[in-house]
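User: I'm new to this one. Could you walk me through it with a few questions and answers?

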Amino acid sequence: MAILETIGLEKRFGGIVAAHDVSLAVEKGARHALIGPNGAGKTTVINMLTGVLRPTAGRIMLEGRDISDIVPHERVRLGMARTFQINQLFLDLTPLESIGLVVSERLGSGADWWRLVGSKSAVTGEIVEIVERFRLADVMHTRTAILPYGKQRLLEIALAFASQPRVLLLDEPAAGVPEAERHELLATIEGLPTEVTVLLIEHDMDLVFSFADRISVLVNGTLFVDGAPEDVARDPRVKAVYLGEELDA
Amino acid sequence: MTTTPTAGDVSAFLKRRARWSPLEAAFWVFAFATIWLFPDKYLILKDSAILALFALSLDLILGYAGIISLGQAAFFGFAGYFAGLVAKYGVINEPVIALICAGFAAAALGFVTSFLVLRGSDLTRLMVTLGVSLMLGELANRYSNITGGADGLQGVEIAPVLGRFNFDLYGHNAYVYCLIVLFVCFLIARRIVYSPFGLSLRAVKGNVLRASAIGIPVKWRLVSIYTVSAFFAGIAGALLTQTTAFCSLDVFSLERSADLLLVLIIGGTGYLYGGLIGAVIYKLLQDWIANLTPQYWQFWIGMVLVVIVLIGRERMAGWIAAARAFLTGVVGRLLPNSAALTGATRDGQ
């Protein structure tokens with residue numbers, strides 16, 4: 001059964017159709033990649049999935065439940081979290097504080113106003129796990145604003161992961177990461193637990209083909225091809241429209 | 001090399017920010033010492049304490065949640081009249097209970113108006129907050145049968161605090177009362193900003209988009225802190241009424257709200273002491289300059305502000321840090337054993 005499904009999703013900005021009739025099914029536990037040339041509407045789709053944008057038409061189902069009218073922070077509670085193509089971090093906080101924030105929010109103690117931060121062992125225990133998993137232990141006390149870019153990218157994913165999503169949307173996680181820090185990032189993404197379903201949006205074809213077990217291609221706001229990586233790689237239309245373009249570029 | 005942190009480390013580190021520093025303790029010891037040190041200055045000290053509490057209320061929303069407001073006087077004035085009226089008509093006689101009730105009345109007003117304020121950008125917020133306080137001021141003017149209108153609320157009699165301490169002529173009890181209330185409110189505010197709730201406010205201020213993407217209900221957090229801020233502003237207003245046994249329309253004035261921004265520009269935002277230090281400096285400066293040139297004091301206040309903003313807070317913080325390092329060095333040399341007390345690390349000489 002699909003854990004995340006869209007039915008005829010459409011977004012118009014005035015006369016421009018950014019997404020048209022996108023019906024996407026992401027299977028539970030999948031490593032699903034959404035690819036497409038620049039301006040294909042990938043980020044528009046993510047923004048509709050997470051509730052940042054309101055679709056003009058169509059429905060979004062998470063675990064069989066219609067979430068189309070639910071506000072963004074509630075969708076996080078229902079088990080869907082995202083990362084951002086351009087880092088959206090809390091620059092004045094440390095990774096420790098940022099992750100702690102997400103964990104305590106998930107455990108329902110984010111509005112506690114009388115307890116000191118750091119006084120709940122359920123929260124601190126989980127922070128340790130996440131800091132380790134995302135290789136942030138040695139920088140956990142450093143203000144986010146001065147972290148190396150690769151670490152910021154890891155924190156970007158860690159924050160989404162800390163809300164314990166069942167579906168994790170990664171919006172170009174490797175974008176702009178220098179070669180030296182890339183390996184660490186990719187290894188961390190590879191190592192995400194299999195219970196978490198991942199929908200990956202990426203330009204980097206190496207990452208897509210090494211990671212994904214299913215690929216959907218979006219072109220001009222429409223779902224073009226949808227299938228296993230081998231099939232997508234062989235599909236002549238994809239080669240013409242997308243991979244060809246990449247090679248030319 | 002990567003070290004593996006434990007839950008204990010994490011907890012200790014997260015709590016570290018909330019620990020009392022010696023400097024903070026010294027601040028409060030000195031604040032309470034003023035009761036004995038400056039017995040002839042009670043009036044200005046009391047005004048500073050009230051202004052400090054009022055500025056603290058603005059710092060909570062501006063420094064921690066990024067909500068700018070020109071309308072804190074709405075809560076100050078509302079609670080001021082509330083405290084005056086309940087005392088005048090003998091509804092609640094005991095001042096502490098009346099004070100708390102006035103705070104809650106202001107909080108209720110804050111809660112209701114928060115929904116207007118929290119939409120839109122900074123400029124919208126400035127205008128809406130300003131508008132709300134202007135409206136309340138005009139209502140108080142219109143219903144002069146209740147408020148006394150332009151003549152102010154006459155005939156307010158304040159019962160002794162806790163049934164024992166009368167507000168004396170010299171203002172001693174009034175100042176002690178204000179200082180204790182300020183301290184208690186400060187402790188509550190301090191607890192709030194170092195709680196998970198307070199941390200989430202800083203997250204909202206830092207990045208709203210991400211805050212909602214990690215599951216923070218942004219709107220409700222802002223409504224909550226706005227309400228709390230209104231509570232503190234209300235307490236400040238009620239203190240003024242109780243300690244002067246009078247309340248007039250100027251509690252709603254734009255100047256009162258604008259003064260707060262000046263106080264926070266002087267003292268800085270987002271570390272709680274900004275409002276306190278700023279209020280004291282502002283009051284002393286005002287008093288000192290007004291003594292020098294009674295007619296043109298506002299000119300000098302204006303110039304001080306321009307200078308502060310042009311020099312910039314970071315540079316001044318740098319000077320203060322340098323001065324502090326120098327002083328600890330001097331103290332350390334004079335009293336070699338005090339290094340542990342001041343926390344200074346010196347090279348072994």
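This is a predicted model: local features need pLDDT of at least 70, side-chain atom pairs count only at pLDDT 80 or more; totals for chains, interfaces and linings use all residues.

User: Which helix gives the largest share of the side of chain A that touches chain B?

Analyst: The contact draws on 44 residues from chain A and 32 residues from chain B. On the chain A side, the elements giving two or more residues are helix H2 (72–77), helix H3 (95–106) and helix H4 (121–133). With 8 residues, the largest share comes from H3(A).

User: Are H5(A) and H6(A) roughly parallel or roughly antiparallel?

Analyst: Helix H5 (residues 149–161) of chain A packs against helix H6 (residues 179–190) of chain A with axes 9 Å apart, at an angle of about 10°. Angles under 35 degrees count as roughly parallel. So H5(A) and H6(A) are roughly parallel.

User: How many charged residues are in the contact of H5(A) with H6(A)?

Analyst: From H5(A) come A:Gly150, A:Arg153 and A:Leu154, and they meet A:Glu181, A:Glu184, A:Leu185 and A:Thr188 in H6(A). Sorted by class, that contact has 2 nonpolar residues and 2 polar ones, and the charged residues number 3.

User: Which residue in the turn between E10(A) and E11(A) has a positive phi?

Analyst: Strand E10 (residues 214–219) of chain A runs antiparallel to strand E11 (residues 222–227) of chain A, joined by 5 bridges. Along that pairing, A:Leu218 stands opposite A:Leu223. The two strands form a hairpin with 2 residues between them, and the turn residue with a positive phi, about 50°, is A:Asn220.

User: What is the bridge partner of A:Leu34 in E10(A)?

Analyst: Strand E4 (residues 31–35) of chain A pairs with E10(A) in the parallel sense, over 4 bridges. In E10(A), the partner of A:Leu34 is A:Ser216.

Key: Residues are numbered from 1 along each chain as its sequence is written. Chains are lettered from A and ligands numbered from 1 in the order in which they are written. Two residues are in contact if their C-beta atoms, placed from the backbone, lie within 7 Å. Axes are lines fitted to C-alpha atoms, for helices over the stretch in contact, and angles run from 0 to 180 degrees between N-to-C directions. Angles under 35 degrees count as roughly parallel, over 145 as roughly antiparallel, 65 to 115 as roughly perpendicular and the rest as oblique. Ala, Val, Leu, Ile, Met, Phe, Trp, Tyr, Cys and Pro count as nonpolar, Asp, Glu, Lys and Arg as charged, and the others, Gly among them, as polar. Two strands pair if DSSP finds at least two bridges between them.
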